[in-house]
Amino acid sequence: MSDGAPGCSGCTMAFVGSPWTSVLRVRGPPAVRSGAAATLSWALCQRFRSGASARRPHRERAVPTARTWRMHQPSDRSSSTAAATDAPAASAPAPAAYDFLAVERKWQELWEREQTFRTPDEVDTTRPKYYVLDMFPYPSAAGLHVGHPEGYTATDIVARYKRMRGFNVLHPMGWDAFGLPAEQYALETGTHPSVTTARNIGRFRAQLRMLGFSFDWQREVNTTDPSYYRWTQWIFLQLYKRGLAYQDEVAVNWCPALGTVLANEEVIDGRSERGNHPVERRPMRQWVLRITEYAERLLADLNTLDWPENVIEMQRNWIGKSEGLNIKFRILSTVYKGRRLPDGTAVEDPLVVFTTRAETIGGATYVAIAPEHPMLPHLITKFKRPDVEAYVEAAIQRSDRERTAADAKQKTGVFTGSYVLNPATEEVIPIYVADYVLGGYGTGAVMGVPSCDDRDREFAREHAIPERRIVNEQRGTLIAWDCSWLGAKLTGLPLNRARSVIIERLIERGHAERRVNYKLRDWLFSRQRYWGEPFPIVYDARTGEPRAVDESELPVLLPDTDSIQPSGDGQSPLANIRDWAEVRDADTGEVRYRRETNTMPQWAGSCWYYLRFIENANTRALVDPAKERYWMPVDLYVGGVEHAVLHLLYARFWHKVLYDIGVVSTPEPFQRLVNQGMILGEMEFTVRRPTKQQQPRESAAGAAGSSTATAAAAAAAVGDGPARSGAATAAAAAATDAAGAEPVSSSNGHPAHREEYEEVRVSAEEVEKLPGDRYVLKADPSVEVMARSHKMSKSRGNVVNPDEVVGAYGADALRCFLMFMGPLDQVKPWSTQGVGGMRRFLDRVWRLVQDAPAEGMTAVSTAAAAAAAVGPPTREQLRALHRMLRKVTDDTEAMRFNTAIAAMMEYVNAAYKWSEPWSRHALVEPLVRVLSPYAPHMCEELWQQLMQGARDEEGGQATAATVPSSLAYQTWPVADDQYLVQEQVSYAVQVNGKLRGTYEAPIDAPEAEVLQAARQLPLVSKHMQGKQVVREVFVPGKIVNFVVKQ
């Protein structure tokens, strides 16, 4: 069908509707119109007929603009069907109650002009403080999508709420702006990273202001600002002076294409996460931070934090504390360190193995060592050397994560040719080199116990190593193993007791010593790139000895250059800038020092930014001690769970170092942590249709006559399995046979057709939701629809731009919807239609304050009439108000924002049902206050109107002096407990256990009074008439049941 045509000749369907909907009608006889395809959408029909791909071209999801939905008129029915097909799922919203864009712009300008949310440098320290912080963003070129503001909205609500509760609030924002993406963009486009970064920050800042966040923009920090990274360099010097920063030759993930070292987390299946470039392992000189010195404190202090348990568990696992034994296995070898020894002779140096399960040593049938183990070269026999060396060369090219992955298909290893003596059983067992053993954990050697460890069992079976069963797992005891020198019978002994006996004897005989190990490795801190903090280190030009730059010379500035291409030899681009890298004597011009040309990783600037927010203009110190003591620790820290380990662990490490040297007063930086859940793309609906091989095929002679039947069969064939009716299956099969599809023999010998299907997208308008989160086609409820949301990404075309949402619905509606979608920490699917629902709720709140009646609400037209006609609120109205206040207060405090909004919605619904004139100021003004953290722009405007109205009702004139310019610091309303006491209860009245009515009674009504009233209910008296009451059951406040018989 050509663009603009009114129908589809192939299936006799005609399009009707507006640019926002697509509904199809089937033309033809009644029998056809009542068929399964009676309302099949044109788009779906076209895809069935053409066999189009299940995936449409990706486009960024369109959102109607404010102009579009305000001025929208239904288009002519002959409008372009192509436009209708591509329309968004959500229908156009109704006109708003007020010009929200103008209101939001007005208040954003006022807040900025008056610095409403500026936290003074000097505050009243007798008042309580609340430091609420977001994990500051990396300013990417793409800007924000609607998932990003979720956490920012949550912290903004809390910040506004705490201000109204009388707290001094610190709520800043800044930019984690160093990093590889900006540098890669510079290499691709020739744009300097500083230019790209500044442009991206400007876009992010504008988007955040557009959403009305109450950040103190005067405290803004940028990690690329020399005044900021001066103090990052200063912290590094403190680490260096205390021996916590050192250099080492370590195997790193080197990416030649990116020209830098990557962390293990940035490498996926041997390729870079960014750019998908090959990554190789290469030994390089690197700066390393000795975070392992703080492993025990980092672990122990987790118990003092109010963090999600899953994050605490992830940190515990990353630190990986293990308490066990270092056990010495004597080496038996013919060649060791170049010395030939008689066969079976033990050499002096033992092979030390770490284990946490000493009780299983009797089942050890081999020892495995890491490819990096320093003793390995001396353990390889002549005939095994080629195999071992080839294996080691391949193993060290893999990252630690790849080597230890639980889903590795094969546990690889090579026999070294050497053996050790098991000190407990005195048996000779082989030594293997295996890549699942890491040189950096424990001793780099493990004992293999195939009967007690799945990994060891897989390895043993792969290499034909025997397995000795020594543990009865069901009973938790040792079996079939005794050793006379241990001085105790072990068979049948519980494992805990056996472990203690074995440990004591091994230590007594000098075979072992207790040891605590950590999985945590020292922090690799160098990057071979330009766009990062320079190290404050120089090297003596003659001796090569490193020297710390004097603190008075900080910051060491990045050179302003366009030459940021990787050097290609593993060095940073800074190594190519000789004028910067070489420090010459001012008098002689001789090169005295050479600068460190590596730069710090992006983690560096984000490790301490929360301190700089306290005082971002201090040039004398990192932070003022008195201000730090007042504001620290951070009371609420909100960000994604993807930072649960590295960022939080590194920041805690730096903070503890600063605590040790007296810069900060708290041992931990972030007291409470909340992770917001991910917001997925809009729900995508798909149905299954036959693949192209199964498409009904029309013969040349019968194409015209069979087109209707073919379309109906296509609709019927969408479903399969339980959702597909027998009639639909039969119709589909018949139509397919008639169309000439090739039959295939089924298992019973009868002709059949291949059951092959592909997924086809359908719009939300074509889908109906059923109980139990099931979806079906409206056109044919027998066809089940699959519903799924995906992570927002450009590749899927499901990214929603917040600028467009704000333009269509307003910032307040977006803020409220983000919080109303569900619990903050849960994963949730986006819904543009849901934002429209939130827009309608805010419009209803707006109308409550206006004089014009709406939706049946009784209102008065003038302030004078209000003063004369409106009496005091009724007790029922006050009870509704104070129940709402208590619920919103409790839920906002606990960050249950979705239920807080639900409570306000319930209150607004109740207000629209109040028929007598009522005081807007008394009953709506508290609502406006508690709603203001959620919808601040609208509430600021409404509060001004309410204050003006209150002055008018009192007969006075409201002026700029009498009405504060902002609601932000007004007192939070407190619920009055006297209105929270339940006064009425509802009784379920039953006759012989069946509900026959309900009765409202005072909560303290006597039993006799309730029973008498319950008897008078019409249905109750009807079912009791002429019957004898055997028993009366009375449950106070709940149930009345009359047991009767004839």
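## Buried sites and a helix pair

Student: Which residues does E582 touch, not counting residues up to four places away in sequence?
Tutor: This is a predicted model. E582 sits in strand β27, which covers residues 582-584. Not counting residues up to four places away in sequence, E582 touches V591 and Y593.

Student: Is E582 buried or exposed?
Tutor: The cut-off for buried is under 20% relative accessible area. E582 has 15% relative accessibility, so E582 counts as buried.

Student: With which side chain does the side chain of E582 make a polar contact?
Tutor: Strand β27 runs over residues 582-584, with E582 in it. The polar contact joins two side chains at 2.8 Å. The partner of E582 is R584.

Student: Where is S526 found, and what is its relative accessible area?
Tutor: S526 lies in the loop between β24 (523-524) and β25 (537-540). The cut-off for buried is under 20%. S526 is buried because its relative accessible area is 0%.

Student: The side chain of S526 reaches a backbone nitrogen; of which residue?
Tutor: Leaving aside neighbours within four places in sequence, S526 is in contact with V261, Q286, W287, F535, N598 and T599. The side chain of S526 comes to 2.7 Å from a backbone nitrogen. That nitrogen belongs to W287.

Student: How many Å separate the C-alpha atoms of S526 and N598?
Tutor: S526 and N598 are 72 residues apart along the chain. N598 is also among the residues in contact with S526. The C-alpha separation of S526 and N598 is 6.0 Å.

Student: How many Å apart in space are Y294 and W654, C-alpha to C-alpha?
Tutor: Y294 is in the loop between β12 (280-289) and α10 (295-300). Relative accessibility of 9% makes Y294 buried. Leaving aside neighbours within four places in sequence, Y294 is in contact with L244, F653, K656, V657 and D660. Y294 and W654 are 360 residues apart in sequence, yet their C-alpha distance is 9.9 Å.

Student: Is T365 buried or exposed?
Tutor: T365 is placed in the loop between β16 (351-355) and β17 (366-369). Leaving aside neighbours within four places in sequence, its contacts include I429, P430, G448 and R468. The relative accessible area of T365 is 7%, so T365 is buried.

Student: How do α24 and α25 lie relative to each other?
Tutor: Helix α24 spans residues 802-809, and helix α25 spans residues 811-820. Their axes are 7 Å apart, and the packing angle is about 115°. Angles from 65 to 115 degrees count as roughly perpendicular. Therefore α24 and α25 are roughly perpendicular.

Student: Of which class are the residues in the contact of α24 with α25?
Tutor: From α24 come P802, V805, V806 and Y809; from α25 come A811, A813 and L814. By class, this contact has no polar and no charged residues. The seven residues are nonpolar.

Student: Which domain does UniProt list for residues 520-680 and 789-819?
Tutor: Over residues 789-819, the chain is 55% helix and 0% strand. The end C-alpha atoms of that stretch are 18 Å apart. The unreviewed UniProt entry names the domain "Aminoacyl-tRNA synthetase class Ia".

Student: Among contacts in the protein chain between residues at least 6 apart in sequence, what percentage join residues at least 24 apart?
Tutor: The protein chain has 33 helices and 43 strands. Of its 1046 residues, 50% are buried. Among contacts between residues at least 6 apart in sequence, the share joining residues at least 24 apart is 73%.

Terms used. Residues numbered from 1 in each chain as written. Predicted model: local features only at pLDDT ≥ 70, side-chain atom pairs only at ≥ 80, totals over all residues. Heavy atoms only, no water. Helix = DSSP H or I, 4+ residues; strand = E, 2+ residues; numbered from the N terminus. Buried < 20%, exposed > 50% of the residue type's maximum accessible area, 1.4 Å probe, protein only. Polar contact = N/O pair within 3.5 Å; in protein donor to acceptor, adjacent residues only side chain to side chain. Contact = heavy atoms within 4.5 Å. UniProt positions renumbered as here; feature names shortened; annotations may be inferred. Axes fitted to C-alpha atoms, helices over the stretch in contact; angles between N-to-C directions. Parallel < 35°, antiparallel > 145°, perpendicular 65-115°, else oblique. Nonpolar A, V, L, I, M, F, W, Y, C, P; charged D, E, K, R; others polar.
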